[in-house]
Amino acid sequence: MYEPMLRIFQDREHGPRVEVAFGSLPAGTVYLTVVRTVRGEAVPVRGALRMRVAGVAKPMDYEAPFDVESTYHGVAYTAAGVKLSETGKSSITVASEDPDFARIHNPLDPSTSVLVRFEASAVAKRSRHFGGEVMYPIGRSVGIAVTTGRSGYKGLTLDLIAETIEQSQRIDALFGDHRRKRLPILCVRVPQSHYRMRLPPVLFVAVLNPDEEPIKTDDASIWRLTGEEVSPPAPALVVPLLSRDDLDAAYETRDAMDADHLTRYDMSTRYDLAGGAG
C-alpha cells in the first residue's frame with residue numbers, strides 16, 4: 001500500500017530527475033524518509049531524510065541513475081520518531097539523454113547541473129588502494145598486513161571537454177567562487193554506454209584542484225578534473241530548483257497565482273517556472 005507515483009521531469013538545462021509522489025501516507029505519519037534502491041543498494045533520497053509531511057509528499061530525486069532500474073519506497077515515522085511502517089514500492093528507469101554525454105552537478109545545488117562529454121584521457125586508470133602497512137614483529141620472518149580495507153577510487157581522472165564559453169562557465173560554477181561558496185564534490189551520472197569504464201551509475205568525487213585549459217583556436221576548453229571517490233554530503237541537504245520567488249516572479253498578484261492552480265500541490269510542481277526569479 002501507499003506506493004509512490006513516479007514521474008520523470010527533464011529539460012536541457014537541469015537534466016532528468018524523478019518526482020516521487022505519495023498521494024497518501026499511513027495514518028500518524030509526521031516524518032518520511034524516501035529510499036532509492038539500485039542493484040541491491042539502498043540509499044535515502046537527498047532532501048527526503050525524515051522530511052516533515054502532512055498527509056502527502058513529493059520529493060524530487062536529482063541523483064537518479066541512468067539506464068538502470070530504480071525502485072522507490074517510503075519509511076514512515078511518528079512525531080516521536082518511531083517507525084510506523086514502510087510503504088509499497090514503485091520502479092522506474094530513467095533514460096540517458098545522450099550515449100556520449102554524462103551529467104554532473106554539485107549535489108547540494110541541482111541548478112548547477114551540466115551535460116558534459118569526457119575527454120579521451122578520462123578514466124585512463126582506475127585505482128582502489130588499501131590503506132595500512134605490513135608489520136614485522138620480532139621473531140617473525142613473514143610480515144603481518146594491517147589494513148583499513150580497500151578504498152574508493154583514487155586519483156580518478158574525469159577530464160571534460162567544454163565546447164562553448166557558456167558550458168565552461170557552467171562547469172566552473174560547479175565549484176563556486178569567492179561570493180558563492182560550494183563544496184568541491186561532484187555528483188557524476190553516466191549513461192549505460194559509459195559502464196564499460198567500470199564507473200558506477202552514480203559516483204561522488206571530491207575534486208580539490210579543478211584546472212581549465214583554454215583551446216586558443218576556438219571557444220572550447222578542456223577541464224582537468226582529478227579526484228577521489230567520497231561519500232555524498234548529508235542526504236538531508238539540498239537546494240530546491242523551484243522557489244517561492246520563482247512563483248512570485250511569474251505572476252503579478254497572489255490572486256492570479258491562486259487562480260492558475262487548483263491546489264497548493266499543483267503550484268509546487270510548476271517546475272517550468274524554476275529559475276524565473278534569477
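Q: Where in the chain is Arg 39?
A: Arg 39 is in the loop between β3 (31-38) and β4 (41-44), where strands are DSSP E runs of at least two residues and helices are H or I runs of at least four, numbered from the N terminus. This is a predicted model, in which local features need pLDDT of at least 70 and side-chain atom pairs count only at pLDDT 80 or more, while totals for chains, interfaces and linings use all residues. Residues are numbered from 1 along each chain as its sequence is written, and side-chain values use heavy atoms, with hydrogens and water left out.

Q: And what is the phi of Arg 39?
A: Phi of Arg 39 is near 55 degrees, a positive value in a residue other than glycine. Arg 39 is also exposed, with a relative accessible area of 59% (exposed means over 50%, buried under 20% and partly exposed in between, with a 1.4 Å probe and protein chains only).

Q: What about Tyr 2, what phi does that residue have?
A: Tyr 2 likewise has a positive phi, near 60 degrees, and is not a glycine. Tyr 2 sits in the segment before β1 and is partly exposed, at 28% relative accessible area.

Q: Switching to charges, how many salt bridges does the structure hold?
A: The structure holds 14 salt bridges, each being a side-chain nitrogen of Lys or Arg within 4 Å of a carboxyl oxygen of Asp or Glu.

Q: Which residue does Arg 7 form a salt bridge with?
A: Arg 7 forms one with Glu 19, and the closest N and O atoms of the two are 3.3 Å apart. The pair links distant parts of the chain, with Arg 7 in strand β1 (residues 5-9) and Glu 19 in strand β2 (residues 17-21), 12 residues apart.

Q: Is Glu 19 buried or exposed?
A: Glu 19 is buried, with a relative accessible area of 0%, whereas Arg 7 is partly exposed at 36%.

Q: What does Arg 224 form a salt bridge with?
A: Arg 224 forms a salt bridge with Glu 119, and the closest N and O atoms are 3.6 Å apart. Arg 224 lies in strand β19 (residues 221-224) and Glu 119 in the loop between β11 (109-118) and β12 (130-135), so the pair ties together parts that are 105 residues apart in sequence. Glu 119 is buried, at 18% relative accessible area, while Arg 224 counts as partly exposed at 25%.

Q: Which residues are linked with those two in a network of salt bridges?
A: The network links Asp 159 and Glu 213 with Glu 119 and Arg 224.

Q: Strand β7 takes in residues 69-77, so which way do β7 and β8 run?
A: Strands β7 (residues 69-77) and β8 (residues 83-86) run antiparallel and are joined by three bridges, pairing being assigned if DSSP finds at least two bridges between two strands. Ala 76 stands opposite Ser 85 in β8.

Q: And which residue of that hairpin takes a positive phi?
A: Gly 81 does, with phi near 85 degrees, in a hairpin that has five residues between the strands.
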